[in-house]
Amino acid sequence: MPVTKRTPIPVSEAVKSIMSRTCVWETEEVPITECDNRILANHLIASHDVPPFDRSPYDGFAVHSEDTLDASENSPIKLQVIETIGAGQVAANKLSSGNAIRIMTGAKIPEGADAVIMLELVKEIDVDGKSFIQIKRTLKPNDNISFKGEDTKEGTVLAKAGTVITPGMIAVLATFGHHTVSVFKKPVVGILSTGTELLDVNEPLQPGKIRNSNAYMVAAQVKAMGAAVKLYQHREDNFDSLYENVSECLADSDIVITTGGVSVGDYDYLPAIYEKLGAEVLFNKIAMRPGSVTTVAVHQGKWLFGLSGNPSACFVGCELFVRPVILSGMKVKKPHCQILKAELGADFPKPNPFTRFVRAVLTEGINMNSVTPAGLDKSGSVSSLLAANSLIVLPGGTRGWEKGSEVGVLTWNGEGSEWPWDSPLFSKSSAIKTAEKQP
Ligand code: AMP
Ligand code: MG
């Protein structure tokens with residue numbers, strides 16, 4: 001097979017071309033008990049005031065504030081207690097001057113009352129079998145009342161579609177009576193590893209063979225992004241059967257991720273498979289390391305991500321390109337890895353023709369974050385993924401970086417970024433400046 005020349009495009013261009021094609025996933029109703037960590041599909045709007053009625057914030061007595069005008073330490077006033085109401089009960093009587101109603105936290109303020117005095121601040125007395133309270137202080141109208149709508153006014157937009165559902169949001173959903181919640185359906189991601197050298201995770205090693213690690217790694221990555229996973233049996237490098245496998249995978253999934261076989265080697269069949277499918281290839285070469293051969297294509301409304309077989313390249317490709325497709329399809333506002341600024345904790349002397357993504361350990365600091373490469377920086381290395389919580393992004397066109405340089409870092413653990421790729425941290429100019437300082 002002739003080796004076709006591929007023209008590398010910048011990472012930002014690759015991501016941009018993906019973002020111009022993103023679609024919105026379907027929605028579904030799930031029981032409120034199962035909506036945690038899902039993504040809200042409709043705005044959450046207050047359908048009534050909260051609280052829905054004026055209520056008591058304390059255990060105490062509902063009174064007419066005017067009755068307490070002359071109350072003082074030396075001359076307490078006396079009110080007759082005519083009724084007791086607990087939370088959930090409504091007073092049977094209208095409160096008239098000279099009377100008080102014993103009221104518990106959360107109970108509706110009785111008609112006629114305009115203030116509440118706490119239980120601890122009154123003296124309860126019994127006169128001829130009747131209950132009275134003595135009050136030694138004056139109360140103003142509205143003292144100690146939680147007003148209807150003081151928490152939330154009817155019609156307020158409390159959360160937008162695309163927001164992740166937290167326990168706090170579940171409290172609000174329940175407050176407004178959402179026993180089911182409209183969330184985005186999890187897109188189904190089919191994962192198919194290719195490579196004649198691959199063994200299943202439970203197989204003993206054989207000469208020339210390695211275990212398939214990518215499939216499990218990618219499955220965990222996309223699950224963390226909110227997708228559903230369909231894991232396929234790994235396959236040998238054979239054009240005809242792989243074509244069938246990819247077609248089957250496409251029929252059953254919204255997104256197909258293949259790992260391996262996307263380069264220009266003798267047994268790299270994915271490019272020819274895209275061609276036979278008639279898929280539209282958005283790009284097949286990116287000016288990045290690792291993962292320059294990462295290929296993304298669309299076909300009949302579905303996505304095909306051809307990730308490199310190298311574990312680290314595969315990991316990076318998934319975070320950079322698959323993440324925004326999954327998340328923007330759920331209207332998440334910050335669908336990309338989060339960008340942070342950090343100080344490089346070690347020299348990175350490798351020349352850098354392409355943008356380099358270095359698996360790294362990021363330590364967040366009060367004044368400055370620090371970041372250090374994690375283990376062996378080879379795209380085939382799997383061990384460096386173990387400790388990595390971030391990727392240092394070193395823009396292309398430099399001879400290397402010194403310890404102490406300010407660098408951009410991407411992390412998949414944070415709240416995400418809207419569009420990190422316009423950051424000056426990723427621009428070449430800052431890289432060259434640092435490189436010039438080197439001997
Ligand atoms: P490829 O992208 O097919 O050229 O593979 C690049 C390198 O990644 C080769 O050393 C493969 O053996 C290795 N590799 C491919 N697929 C996997 C996989 N699923 N798990 C671990 N390593 C893999
Ligand atoms: Mg291969």
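Which residue is the bridge partner of K78 in β8? I looked this up first, and found Q134.

A note on my source: this is a predicted model, so I kept to its limits, with local features needing pLDDT of at least 70, side-chain atom pairs counting only at pLDDT 80 or more, and totals for chains, interfaces and linings using all residues. Residues are numbered from 1 along each chain as its sequence is written, chains are lettered from A and ligands numbered from 1 in the order in which they are written, and side-chain values use heavy atoms, without hydrogens and water.

Next I went to the strands (DSSP runs of E, at least two residues, numbered from the N terminus). Strand β4, residues 77-85, runs antiparallel to β8, residues 130-135, with 4 bridges between them. Two strands count as paired if DSSP finds at least two bridges between them. I also saw that I77 stands opposite I135 in β8.

Then I turned to β7. It is joined to β8 by 6 bridges, again antiparallel, and here V122 stands opposite I135. The β7 and β8 hairpin has 2 residues between the strands, and D128 takes a positive phi near 55 degrees.

Last, I traced the whole sheet. It is open and mixed, with 6 strands in the order β6-β3-β5-β4-β8-β7. β6 (115-118) and β7 (122-127) are at the edges with a single partner strand each, so one side of each has no neighbour in the sheet.
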